[in-house]
Amino acid sequence: MNIISSLLSKYPADQVTPQDFIDKLTIGNPGWQSAYLAVLLTVIFGLLVYIIPIYLTEKDHQGPYPLYMHTFYCAADFMGIWVFLDTWSKNGHVVLFLLLAIGEAIWVLMEIYCLQRALTYEKDINWKPGTSFKTRLRDVIFQVLIFYVSLNLLRFELHDSTIWKFWIFTQILITTVPGLSLEKQGTS
């Protein structure tokens with residue numbers, strides 16, 4: 001129980017501000033090395049979260065994520081672009097925020113690729129056989145828009161301008177749902 005209590009005690013109860021990131025990541029401030037290590041590991045694992053599903057989709061013609069996970073992450077990553085660009089422009093053009101926005105743009109492109117593959121390879125899984133491409137595309141766009149609006153409302157309700165708390169939630173989803181989907185597909 002001490003481990004759980006220790007982890008929960010470090011979770012921010014209040015708003016995490018861009019200045020908190022700037023202070024933590026300024027070279028020379030206490031703990032900057034571990035903060036940069038955390039950022040580096042996050043980027044590496046974030047890329048693996050996309051590279052592995054792309055590989056599996058190309059290999060098996062069925063990805064490890066259900067369609068709603070792709071539309072959810074496309075919307076979330078698109079939201080991240082605007083959050084980090086806004087933070088970059090309002091906080092002294094700190095390069096980290098611009099790099100995070102660029103990283104989010106790369107992840108959006110990877111999600112668009114995954115969505116295109118889902119529209120092609122998984123059309124009979126996600127839609128009735130014979131559903132037109134136009135209808136499938138409309139459904140995907142509609143899901144992305146619903147998630148984008150919903151996630152921004154959630155971010156607003158969490159008072160999470162930097163989306164730090166939000167990304168903890170998304171990481172829980174990205175690490176559990178693929179395993180459940182692979183188990184259901186019988187490929188785990």
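**Stop one: the nonpolar core**

Begin by selecting Leu67, Met79, Leu115, Val140, Leu151, Ile163 and Phe166, which touch the most other members among the 31 residues of the largest nonpolar core. A nonpolar core is here a set of buried Ala, Val, Leu, Ile, Met, Phe, Trp, Tyr and Cys residues joined through side-chain atoms within 4.5 Å, where buried means under 20% relative accessible area, exposed over 50%, and partly exposed in between (1.4 Å probe, protein chains only). Now colour the helices, which are DSSP runs of H or I with at least four residues, numbered from the N terminus: α3, α4, α5 and α7 each supply at least two residues of this core, and α4 gives the most, with 11 residues.

Before going on, keep in mind that this is a predicted model, in which local features need pLDDT of at least 70 and side-chain atom pairs count only at pLDDT 80 or more, while totals for chains, interfaces and linings use all residues. Residues are numbered from 1 along each chain as its sequence is written, and side-chain values use heavy atoms, with hydrogens and water left out.

**Stop two: helix α7**

Select residues 133-157, which make up helix α7. This helix has 25 residues and reaches 36 Å from its first C-alpha to its last, close to the 36 Å expected at 1.5 Å a residue, the expected span being 1.5 Å times one less than the number of residues. Its buried residues are Arg136, Val140, Val144, Leu151 and Asn152.

**Stop three: aromatic pairs**

The structure holds five aromatic pairs; rings of Phe, Tyr and Trp (its six-membered ring) pair if their centres lie within 6.5 Å, and planes under 30 degrees apart count as stacked, over 60 as edge-to-face and the rest as tilted. Select Trp32 and Tyr36, an edge-to-face pair with 5.8 Å from centre to centre and 80° between the planes. The two are separated by about one helical turn because they lie four residues apart in helix α3 (residues 32-60). Trp32 is partly exposed at 23% relative accessibility, and Tyr36 is partly exposed at 38%.

Next select Phe72 and Phe147, whose ring centres are 5.4 Å apart and whose planes stand at 90°, so that this pair is also edge-to-face. The pair links distant parts of the chain, with Phe72 in helix α4 (residues 67-90) and Phe147 in helix α7, 75 residues apart. Phe72 is buried, at 7% relative accessible area, whereas Phe147 is partly exposed, at 23%.

**Stop five: histidines with positive phi**

Finally, select His61, in the loop between α3 and α4, where phi is near 60°, a positive value in a residue other than glycine. Then move to His93, in the loop between α4 and α5 (95-121), with phi near 55°. End at His159, which follows α7 and has a positive phi near 55°.
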